[in-house]
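Please examine the sequence and the three-dimensional structure shown here before reading further. The paragraphs below then lead through selected parts of the structure.

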Amino acid sequence: MNYPIDKLHLLTLNVGLANHHGDWNWKNVRSPFARLYYVTEGTAQIEMPSGVYTLTPHHLYFIPAYTKHSYICDSTFSHYYIHIYEDLQSEMSILEQWDYPMEVNACNTDLELVKRLCFINPFLKLPQSNPDAYDNHQTLVSNLQLNQRRPFCDKVESRGILFVLMSRFLKYATPKAEVRDDRIQVSLDYIRKNIGSRLDIDLLADKACMSKDHYIRVFKRETGETPNVYITKRKLEKAELSLVTTALPIKSIADSLGYDDYSYFNRIFKKNAGVTPLQYRESHFE
């Protein structure tokens with residue numbers, strides 16, 4: 001998979017050094033931005049869907065956006081944190097197209113890069129580490145606005161540092177939902193690029209030169225999900241991001257994702273998120 005680098009726009013939402021003494025314990029955290037950590041002292045653990053990982057000094061750790069995880073800490077633990085927001089310039093997120101290693105060895109220069117990122121962005125340091133205090137609409141939008149008001153030289157340097165740090169993970173990343181069947185790979189690419197449209201299974205099957213039933217069977221065999229489930233997940237992730245980062249009416253968000261039936265959008269959102277779109281937005285405004 002080859003993406004033009006000029007389509008990748010990374011912003012630093014938060015950056016700073018955190019020192020903990022057995023008090024880094026937050027459950028079921030899930031955010032519309034990615035997290036990157038550089039550990040300097042002690043150990044802690046992060047519980048991810050793929051397992052429990054122990055964080056140790058002089059390593060970098062990456063948690064993609066929308067990944068539910070929990071923190072476990074019972075001793076002294078110090079780390080630099082960087083919250084990364086991908087400012088989408090097209091219909092699809094580039095960062096979300098890859099599966100990343102959770103941990104990579106840090107290069108000799110990485111600590112200095114992280115410290116430099118902190119130095120030029122002192123106003124992006126978190127006042128506290130509890131996600132409930134910063135993972136909300138007000139803080140997210142405020143930090144996005146701060147990014148826009150920074151001197152151009154700081155924007156360039158910050159983005160360059162993020163590119164360098166993310167390259168450590170991209171070196172070992174693999175395309176998400178990599179499949180053996182080229183027809184399904186083409187279909188996945190089409191879905192990502194047209195996620196804001198109404199995606200009809202008959203049309204997708206026709207583009208893959210397959211019957212609808214055969215297309216559904218092959219799609220599920222290759223990805224582990226039916227086309228409808230896969231498409232719905234991708235659409236609702238974009239809906240969550242819009243609900244948190246914009247003040248667009250919920251109906252407008254539904255329309256932008258190809259949901260002509262507003263009531264259906266509400267039902268499908270609640271089925272997947274456990275709350276209605278309005279409740280989801282209100283919880284992030286608190």
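The structure is a predicted model, in which local features need pLDDT of at least 70, side-chain atom pairs count only at pLDDT 80 or more, and totals for chains, interfaces and linings use all residues. Residues are numbered from 1 along each chain as its sequence is written, and side-chain values use heavy atoms, with hydrogens and water left out.

How many salt bridges does a search of the whole structure find? The search finds 13, where a salt bridge is a side-chain nitrogen of Lys or Arg within 4 Å of a carboxyl oxygen of Asp or Glu. One of the pairs is Arg221 with Asp181, whose closest N and O atoms are 4.0 Å apart. This pair links distant parts of the chain, 40 residues apart: Arg221 lies in helix 7 (residues 212-223), whereas Asp181 lies in the loop between strand 10 (174-175) and helix 5 (182-193). Helices (H or I, at least four residues) and strands (E, at least two) are DSSP runs, numbered from the N terminus. The two partners also differ in accessibility, for which buried means under 20% relative accessible area, exposed over 50%, and partly exposed in between (1.4 Å probe, protein chains only). Arg221 is exposed, at 54%, and Asp181 is buried, at 12%.

Another salt bridge joins Lys233 and Glu225, with 2.5 Å between the closest N and O atoms. Here Lys233 is partly exposed, with a relative accessible area of 34%, while Glu225 counts as buried at 17%.

A further salt bridge, of 3.4 Å from N to O, connects the side chains of Asp255 and Lys251. Both residues belong to helix 9 (residues 250-256), and because they are four residues apart there, about one helical turn separates them. Asp255 is partly exposed, with a relative accessible area of 37%, and Lys251 is likewise partly exposed, at 44%. Elsewhere, salt bridges with shared partners join Arg180, Asp181, Arg183, Arg221 and Glu222 into one network.

Attention now turns to two helices. Helix 5 and helix 7 pack at an angle of about 85 degrees, and their axes are 10 Å apart. Axes are lines fitted to C-alpha atoms, for helices over the stretch in contact, and angles run from 0 to 180 degrees between N-to-C directions. Helix 5 and helix 7 are therefore roughly perpendicular to each other; angles under 35 degrees count as roughly parallel, over 145 as roughly antiparallel, 65 to 115 as roughly perpendicular and the rest as oblique. Which residues make the contact? Helix 5 contributes Ile184, Ser187, Leu188 and Ile191, and helix 7 contributes Tyr215, Val218, Phe219, Glu222 and Thr223; contact means heavy atoms within 4.5 Å. These residues divide into six nonpolar, two polar and one charged. In this division, Ala, Val, Leu, Ile, Met, Phe, Trp, Tyr, Cys and Pro count as nonpolar, Asp, Glu, Lys and Arg as charged, and the others, Gly among them, as polar.

Ile201 is placed in helix 6 and is buried, with a relative accessible area of 9%. Leaving out residues up to four places away in sequence, Ile201 touches Lys212, Tyr215, Ile216, Pro227, Asn228 and Ile231. The C-alpha atoms of Ile201 and Ile216 are 8.4 Å apart in space, and the two residues are 15 apart in sequence. In the loop between helix 6 (201-207) and helix 7 is Cys209, which has a positive phi of about 60 degrees although it is not a glycine. Is Cys209 buried or exposed? Cys209 is exposed, with a relative accessible area of 70%.

Two further residues form polar contacts. Asp110, in helix 1 (residues 110-120), is buried, with a relative accessible area of 0%. Its side chain is joined to that of Arg168 by a polar contact of 2.7 Å. A polar contact is a pair of N or O atoms within 3.5 Å; within protein, one must be able to donate a hydrogen and the other to accept it, and residues adjacent in sequence count only if both atoms are side-chain atoms. His20, in strand 1 (residues 10-21), is also buried, at 4% relative accessibility, and a polar contact of 3.1 Å joins its side chain to that of Asp23.
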